[in-house]
Amino acid sequence: MNRLITRKIAENVNCLKAPQRNFCTGVAAKIPTSNSAQPTTDHPEEQGVTNKIHQHDVAIVGGGLVGLALACSLASMPLTKHLNVAIIDSNPALFSRPSIKKEDPPDPRVSTVTPASISLFKDIGAWKYVEQHRHAYFDMMQVWDYTGLGYTKYNAKDANKDYLGCVVENRVLHSSLLSCIQDIDFQKTIYPSKLTTLHRNSSFVGVESKSSASPLDQGHSVKLDLSDGSSLCAKLVVGADGSKSRIRELAGFTTSGWSYSQNAVICTVEHSIENRGAWQRFLPAGPIALLPVGDNFSNIVWTMNPKEATDRKTMSEDDFVKDVNYALDYGYGPHPKSSTLGNGGILSWFKPDVTLSAAECFEVPPKVTKLASQRMVFPLSLMHANNYASKNVVLIGDAAHTVHPLAGQGVNLGFGDAFALAKVIAEGIAVGTNIGEVSLLRKFEAERKPANIAMMAILDGFQKAYSVDFGPLNILRAAAFNGANYISPLKRSIISYASGEQKLPLFT
């Protein structure tokens, strides 16, 4: 039996190695205009053929962080590295990567990468490129409420970890993933264009395929028309094109969700000393987070109502810095008292098993001295696709779900989608399943949807619980803070869950 499975896997991999130059029947290829950017490919002999609609195994619509993470994962796995992959995105950074100079201030668009995502980045060979640029690991996080009734400190050592996360500029992550796929011998074609239309049930004929009867080459593909007039076909189309996904719209996926009537103001700020921890304070209008970025820089993510966001974007830099320090220090309410419940209080019976961070006093975050970037404003919402998969089409990342940024989990959910999808594709190839088959893609959906919904529900619950200023509720929130601080099993579980482990923060 093992020999039979091994022979079957070898046959499927060998058929993928054959050059795949296919046409979609019943459609004519359009010749790109002279001023259109041409697709870049690892196989120059295929360029210059303008009357051909190229066939790919996988077409990834969206060359952002999640789309490139999927491409890297496919390139790194033995069963998928022979796939012919198309990446469709008009972002110029995919072709002429901007120079990232260490002396330049950090870009305000950053991501907090969890230990689980870091581990996956190391597996595909991308993290070594991240470490060549500015990044900031942190092993401590302090969370508190503006009422001064409670706070929680998390330390990586509480859960036997080296760090809680690493803050990285999005441009560094993007450049690192791009370097990863460029350094691997991988059949990829980048189309510098935008998707305009999607045609299902476009049958194709493999004109040079040596294994036309293989299950991997049977069935139908999807035809994609691009804004530059070109077209391509793919057995599997992956929508990784963000919250306003064109693929989601064209493929007919429905969504559920709502707007939070909140905006996030993000920017880079500078300190006189290096910030080594992550800080988050819940204010009446929404949380403010201060995240280390490296050197003496930090990133601000501040949630507030739209009018306040507009005012803070346009106010003078000096006034904005004053507002930030006010929000992170003495504004809106007093500092929590470190001994409120820790010494002789109602939770003192947990003291024999308290974590290291429970004994640490409340700290005031490093003072901001100047604004180091432009201020950017983004509306916040929750959105979830009711289904992730249909025949030949699947959604990942923000195309499938968007969450509130208060815990920095959005991009990590997307990375989880990308790596899980690559694994499912490999499993399908191993048994000879068509990689666009809906039954295979639903295995991916079954794995990722519960994890994503659970995280979305927790973040949405936090957002709603801390959006109300009401006396009894304030006391309950303070009890939750102090419970998380002094109840060691709960704290360890919260740290593990936020780090990317798929365990709900319960007493486990």
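Here is a walk through this structure, from the overall build down to single residues.

Keep in mind that this is a predicted model, where local features need pLDDT of at least 70, side-chain atom pairs count only at pLDDT 80 or more, and totals for chains, interfaces and linings use all residues. Residues are numbered from 1 along each chain as its sequence is written, and side-chain values use heavy atoms, with hydrogens and water left out.

Let's start with the big picture. The protein has 12 helices and 23 strands; these are DSSP runs (H or I of at least four residues for helices, E of at least two for strands), numbered from the N terminus. Of the 508 residues in the protein, 55% are buried. Buried here means under 20% relative accessible area, exposed means over 50%, and partly exposed is in between (1.4 Å probe, protein chains only). The accessible surface comes to about 21600 Å², and carbon and sulfur atoms hold 55% of that surface; such areas come from the Shrake-Rupley method with a 1.4 Å probe, and for residues only the protein chains shown count as cover. Now look at contacts, meaning heavy atoms within 4.5 Å. Among those between residues at least 6 apart in sequence, 80% join residues at least 24 apart.

Next, the aromatic rings. The whole structure holds 11 aromatic pairs. Rings of Phe, Tyr and Trp (its six-membered ring) pair if their centres lie within 6.5 Å; planes under 30 degrees apart count as stacked, over 60 as edge-to-face, and the rest as tilted. Take Trp144 and Phe362: this pair is edge-to-face, with 5.4 Å from centre to centre and 80 degrees between the planes. The two partners are 218 residues apart, so to speak from distant parts of the chain: Trp144 sits in strand β7 (residues 140–145), and Phe362 in the loop between α8 (317–328) and β19 (368–371). Both Trp144 and Phe362 are buried.

A second pair to find is Trp302 with Phe320. Their ring centres are 6.4 Å apart and their planes meet at 50 degrees, so this pair counts as tilted. Because Trp302 lies in strand β18 (residues 297–304) and Phe320 in helix α8, the pair ties together parts that are 18 residues apart in sequence. Trp302 is buried at 2% relative accessibility, and Phe320 is buried too, at 0%. Phe320 has a further neighbour: Arg375 lies over the face of its ring, 5.1 Å from the ring centre. For a charge to sit over a ring, NZ of Lys or CZ of Arg must be within 6 Å of the ring centre and within 35 degrees of the ring normal. Lys449 does this with Tyr388, at 5.7 Å from the ring centre. Elsewhere, ring pairs link Phe121, Trp127, Tyr137, Tyr163, Phe415 and Phe419 into a cluster.

What about cysteines? A search of the whole structure finds zero disulfides, a disulfide being a pair of cysteine sulfur atoms within 2.5 Å. Cys166 is buried, with a relative accessible area of 0%, and Cys267 is buried with 0% as well.

Now for some loops. Asp228 lies in the loop between β13 (221–226) and β14, and at a relative accessible area of 13% Asp228 is buried. Its side chain makes a polar contact with the side chain of Ser230, at 2.6 Å. A polar contact is a pair of N or O atoms within 3.5 Å; within protein, one must be able to donate a hydrogen and the other to accept it, and residues adjacent in sequence count only if both atoms are side-chain atoms. Lys244 and Ala400 are 156 residues apart in sequence, yet 9.9 Å apart in space, C-alpha to C-alpha.

Finally, a few backbone angles. Asn160 has a positive phi of about 55 degrees although it is not a glycine; Asn160 sits in the loop between β8 (151–155) and β9 (165–169) and is exposed, at 76%. Asp295, also not a glycine, has a positive phi near 60 degrees. Asp295 is in the loop between β17 (286–294) and β18 and is partly exposed, at 33%. Helix α12 (residues 488–498) has several buried residues, among them Leu490, Ile495 and Tyr497, and α12 is followed by Gly500, whose phi is positive, near 110 degrees.
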